[in-house]
Amino acid sequence: MSFGSPACDYVENSLDLNRFLINRPAATYFMKMQGDVLKNAGIFNGDILVVDRSLPAADRKLIIAELNGELTARRFRSQEGSAFLLGEDGRTPPYRLSRKDRFSVWGVVTSVIRKI
């Protein structure tokens, strides 16, 4: 005699990860994280970032940006008329954006996908 799995009571009929992770498909792209600058935010080297390019950079959001020709993932901070890019690794100093910088936001990180 065998018994059914107790987990069967909790199985979803179907899970569409696109519907679960993506609100705006036409504005969303995936990017692989390189480095550990966001590790204290729970984002690690090799993670896949889900990025929505239709969302504006807002205070405390994780963003993908181009800064002086380099693509970077950082936390955006806006305080007292100044904007900063912050690392989340305990080592990277805050970077204060200036008018001299070539800076453009490529999107806001909305989700992270990680294999375990």
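Author: Read along the sequence, the protein follows the pattern α-β-β-β-β-β-β-β, which amounts to 1 helix and 7 strands; here helices (H or I, at least four residues) and strands (E, at least two) are DSSP runs, numbered from the N terminus. This is a predicted model, in which local features need pLDDT of at least 70 and side-chain atom pairs count only at pLDDT 80 or more, while totals for chains, interfaces and linings use all residues. Residues are numbered from 1 along each chain as its sequence is written, and side-chain values use heavy atoms, with hydrogens and water left out.

The part to look at is strand β3, residues 62-67. Of its 6 residues, 5 are buried, so the strand is largely enclosed by the rest of the structure; buried means under 20% relative accessible area, exposed over 50%, and partly exposed in between, with a 1.4 Å probe and protein chains only. For the protein as a whole, buried residues make up 32% of the 116 residues.

Strand β3 has two partners to consider, and two strands are said to pair if DSSP finds at least two bridges between them. One partner is β4, residues 70-79, which runs antiparallel to β3 and is joined to it by 6 bridges; within this pairing, I64 has A73 as its bridge partner. The two strands form a hairpin with 2 residues between them, and N68 in the turn has a positive phi of about 50°. Most residues other than glycine have a negative phi. R60, in the loop between β2 (48-52) and β3, has a phi near 80°, and E80, in the loop between β4 and β5 (82-86), has a phi of about 50°. E80 counts as exposed because its relative accessibility is 85%.

The other partner is β7, residues 103-113, which pairs with β3 in the antiparallel sense over 5 bridges, and in this pairing the bridge partner of A65 is V105. V109 is buried, because its relative accessible area is 12%. In the protein, residues 24 or more positions apart account for 56% of the contacts with a separation of 6 or more.

Further along β7 lies S111, which counts as buried because its relative accessibility is 16%. Again leaving aside neighbours within four places in sequence, S111 is in contact with L21, I48, L49 and V50.

Two of these contacts, L21 and V50, are also found in the lining of the largest cavity, together with I22, N23, R24, T28, D52 and T110. That lining divides into 3 nonpolar, 3 polar and 2 charged residues, where Ala, Val, Leu, Ile, Met, Phe, Trp, Tyr, Cys and Pro count as nonpolar, Asp, Glu, Lys and Arg as charged, and the others, Gly among them, as polar.

Notes
On a 1 Å grid over the protein atoms alone, a cavity is a set of points where a 1.4 Å probe fits but cannot get out, and a pocket is an open set with protein on both sides within 12 Å along at least five of seven lines; lining residues have an atom within 4 Å of a point. Contact means heavy atoms within 4.5 Å.
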